[in-house]
Each structure stands twice: as C-alpha cells, then as structure tokens.
Amino acid sequence: MKHTFEEKLNYIRLVLKGEPQSQICRKYKLGQHYLENLIDRYKLYGEAGLRQKTHNAISPVNKERLVRLFEENGVTLRQICNQYSVSKTALESWVRQVRTRGYKSLYETQRRGRPPKNSMARPKKKEPQTELERLQAENLRLKAENALLKKVKALVEEQDARARLNGQKPSTN
C-alpha cells in the first residue's frame, strides 16, 4: 500500500516526538525497515526525501560503483539506497547478478519488453532459389499434402466402418 506524503510526514513527527518505532509500526501497520528508511531519507533530504522518488536511468559504471560500495566497503544496502536514490530491489538484483556472472554482466544491455514471436510467423520470401532448392521445397510440400490426404481417407473409411457396424448405410458425401 502506498502512503501519501502527509502520512509519511505524520510518521516522522511521531518519531521525533519520542514515540517508539515499534509502537508506530504496530499502530499504522508498517514494516520496521520501511519506517527506518523514511527516517533516514528525512534526515538526509528533509521533507523532500519523503516525496515520491523520480525514476532515473543509472549507467553501468555507476551500478558497478554502487555494487562495489556494498561488496567491498561494507556499506549497507539501506545507506546506499538513500544516499544515491536507488531502489533496494534494483540494487539487490545488481548484487545478485554480479555474484553469479561477474561485473561484466552490468555492462550488457538487455532488450526491454516481450520478445517477438518469430516461430509462428510465416517465413519471409527468400531470394531467388536455385532449381534444385525449388524442386526440393516443392517435393516437401507434396509429401506433406500426400500424408494429409492419406489421413483424411483413413478417417473417412473408419467412419464408414462404424456406420456399418451400427446398421446404418454409409453416406455418399
């Protein structure tokens, strides 16, 4: 559930008055980490830190720098997220990516969105074929057509046989 700016500010005011964080969390059904994150952002940026974050693309160089801060310098995820305005889940995924595939994986670009469906699409017209290729393709089409006709004939004969067993006359269609 998203909280409005006024609600966040109210939580901070209660903390500043001296009310225990655990009591605020229980009363407003907040997570302890969420409230601590709000407090950190308020201390760093004031009221502006409680407003909705803007989404900005982060370069691979900066991603590497942030992951190195976490991995090598021991800075906590929360501190990095608040200081550099990065989502915690994004930073966690970069760390996981680096641990499994190395720092080079941060520099690989990934296409966004759903991949195209090429397997079901009709094949595009190819360049003019040689006589041999054309004949091979035609032979393949004719074999497929022949197999289809054999299956249809077998199904029709099976229906006729069932009709005879039931005492019906086969249709002439």
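How much space lies in the second largest pocket? In this predicted model, the second largest pocket holds about 400 Å³ of space. Its lining comprises 13 residues, and those closest to the pocket centre are Lys63, Trp94, Glu108, Gln110 and Arg112. By class, the lining consists of five nonpolar, four polar and four charged residues. Helix 4 and helix 6 (88-101) each contribute at least two residues to this lining.

**Helix packing**

| Helix pair | Axis distance | Crossing angle |
|---|---|---|
| Helix 1 (residues 5-17) and helix 3 (residues 32-45) | 10 Å | about 85 degrees |
| Helix 4 and helix 6 | within 10 Å | roughly 80 degrees |
| Helix 4 (residues 60-73) and helix 5 (residues 77-84) | within 9 Å | roughly 150 degrees |

The pairing of helix 4 with helix 6 involves the two helices already named for the pocket lining. Their axes cross at roughly 80 degrees, so helix 4 is roughly perpendicular to helix 6. On the helix 4 side, the contact is formed by Lys63, Leu66, Val67, Phe70 and Glu71, and on the helix 6 side by Leu91, Trp94, Val95, Val98 and Arg99. Seven nonpolar and three charged residues make up this contact, with no polar ones.

The crossing of helix 4 past helix 5 is right-handed. Here Arg65, Leu66, Leu69 and Phe70 of helix 4 meet Leu77, Ile80 and Tyr84 of helix 5. This contact includes six nonpolar residues and one charged residue, and no polar residue.

Lys8, Leu9, Tyr11, Ile12, Val15 and Leu16 of helix 1 meet Tyr34, Leu35, Leu38, Ile39, Arg41 and Tyr42 of helix 3. Ten of the residues in this contact are nonpolar and two are charged, while none is polar.

How values were computed: Residues are numbered from 1 along each chain as its sequence is written. This is a predicted model: local features need pLDDT of at least 70, side-chain atom pairs count only at pLDDT 80 or more; totals for chains, interfaces and linings use all residues. Side-chain values use heavy atoms; hydrogens and water are left out. Axes are lines fitted to C-alpha atoms, for helices over the stretch in contact, and angles run from 0 to 180 degrees between N-to-C directions. Helices (H or I, at least four residues) and strands (E, at least two) are DSSP runs, numbered from the N terminus. A crossing is left-handed if the near helix is turned anticlockwise from the far one by less than a right angle, and right-handed if clockwise. Contact means heavy atoms within 4.5 Å. Ala, Val, Leu, Ile, Met, Phe, Trp, Tyr, Cys and Pro count as nonpolar, Asp, Glu, Lys and Arg as charged, and the others, Gly among them, as polar. On a 1 Å grid over the protein atoms alone, a cavity is a set of points where a 1.4 Å probe fits but cannot get out, and a pocket is an open set with protein on both sides within 12 Å along at least five of seven lines; lining residues have an atom within 4 Å of a point. Grid points are joined across faces, edges and corners, and a volume is the space filled by probe spheres set on the points. Angles under 35 degrees count as roughly parallel, over 145 as roughly antiparallel, 65 to 115 as roughly perpendicular and the rest as oblique.
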